[in-house]
Amino acid sequence: MNLPFAIIAAVIVAAATAAMTLRNLVHSSLAVAVAFGGLALAYLYLDAQFVGLTQILVYVGAVAILIVFAVLLTRGGEPPEKCIFSATWFWGLLITVAVFATLAWCVMHSFASRRDPSDKVEVTVKQIGDALMTKFVLPLEVIGLLLTAALIGAVIIAMREEKK
Amino acid sequence: MTPLAGYLLLSAFLFAIGLAGALTRRNAIIVLIGIELMLNAANLNFIAFWRYGPNPEELTGIMFVIFSIAVAAAEAAVGLALIIAIYRHYKTTNMDEINSLKG
């Protein structure tokens, strides 16, 4: 347990908790952008530079903006007068606590998490590009097809239906 | 506590926060943000296991996370489009009021 990890973890936990508890949707979406940025820092700290920068590009750059646009288009900017939690919030919280307790117990008792850290690893973008073009070329093509289909589908779903 | 256990606990807590948001909040957009947080917790696990695993030069963890980020981006786009379509139909994003399939 060292200081950079503690700072990154504190930022992620605080931002994610704020995103899930704030009343105003705009504040929530900005807090979740901070949480995504903190995760990018965690990836950079774990020697995964390419993934960290991809996280900044995709999540902070695209997904956070997409969420803000959805808030804008659904007029969610005004804070609700009523309770922000749903009618079944108690059971949701109970399930969450049970899930976290199970996961934490497993982490603390598993022998895999007691492994000693390996030496510093160097992963260059060239290595990742080589792997993407040789060993992982089929998943790359499939993911391209999936992204195309998903984006066309999103446009069609969100398109205004024409009045007959 | 080893570094790997620290990352796994952080990831478990992030997953729990996302799950709590998805299960207890009324607004559909917050539910989608919670799902995004859960996906990110899984990605953090992949990177932590890759970094502290026996052979990190294999790059499998990094590749899995890159593909997982792409799938999550597609999921966010489709999910937000669905929320916008639902809002246009019901004039609300409150999950408690959207309770009929054939509106």
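Student: How many of the 22 residues of α1(B) are buried?
Tutor: A residue is buried if 20 or more other C-beta atoms, placed from the backbone, lie within 10 Å of its own; 12 or fewer make it exposed, and anything in between partly exposed. Helices are DSSP runs (H or I, at least four residues), numbered from the N terminus. The rest of the structure largely encloses α1(B), because its buried residues number 18.

Student: What kind of model is this?
Tutor: Residues are numbered from 1 along each chain as its sequence is written, while chains are lettered from A and ligands numbered from 1 in the order in which they are written. Local features need pLDDT of at least 70, side-chain atom pairs count only at pLDDT 80 or more, and totals for chains, interfaces and linings use all residues; the model is predicted.

Student: How many residues of α6(A) are buried?
Tutor: α6(A) has 22 residues and reaches 32 Å between its first and last C-alpha, close to the 32 Å expected. This helix is hardly covered. Its count of buried residues is one.

Student: How are α2(B) and α3(B) oriented to each other?
Tutor: Axes are lines fitted to C-alpha atoms over the stretch in contact, with angles from 0 to 180 degrees between N-to-C directions. The axes of α2 (residues 28-52) and α3 (residues 60-90) of chain B come within 10 Å and cross at roughly 175°. Angles over 145 degrees count as roughly antiparallel, under 35 as roughly parallel, 65 to 115 as roughly perpendicular and the rest as oblique. α2(B) and α3(B) are therefore roughly antiparallel.

Student: How many nonpolar residues has the contact of α2(B) with α3(B)?
Tutor: Ala, Val, Leu, Ile, Met, Phe, Trp, Tyr, Cys and Pro count as nonpolar, Asp, Glu, Lys and Arg as charged, and the others, Gly among them, as polar. This contact has one charged residue and five polar ones. Its nonpolar residues number 18.

Student: Which residues have the most contacts inside the largest nonpolar core?
Tutor: Such a core joins buried Ala, Val, Leu, Ile, Met, Phe, Trp, Tyr and Cys residues through C-beta atoms within 7 Å. The largest has 70 residues. Elements giving two or more residues to this core are α1, α2 and α3 of chain A and α1, α2 and α3 of chain B. The most contacts belong to A:A35, B:I29 and B:I47.

Student: Which element supplies the largest share of the side of chain A that touches chain B?
Tutor: Contact needs C-beta atoms, placed from the backbone, within 7 Å. By that test, 70 residues of chain A meet 61 of chain B. The chain A side divides into 54 nonpolar, 13 polar and three charged residues. Its largest share, 12 residues, comes from α3(A).

Student: Where is A:D47 found?
Tutor: A:D47 is not a glycine, yet its phi is positive, near 65°. With 17 other C-beta atoms within 10 Å, A:D47 is partly exposed. Its place is the loop between α2 and α3 of chain A.

Student: Is B:K91 buried or exposed?
Tutor: B:K91 follows α3 of chain B. Its phi is positive, about 60°, although it is not a glycine. It has 10 C-beta neighbours inside 10 Å, so B:K91 counts as exposed.

How values were computed. Contact = placed C-beta atoms within 7 Å. Expected span 1.5 Å × (residues − 1).
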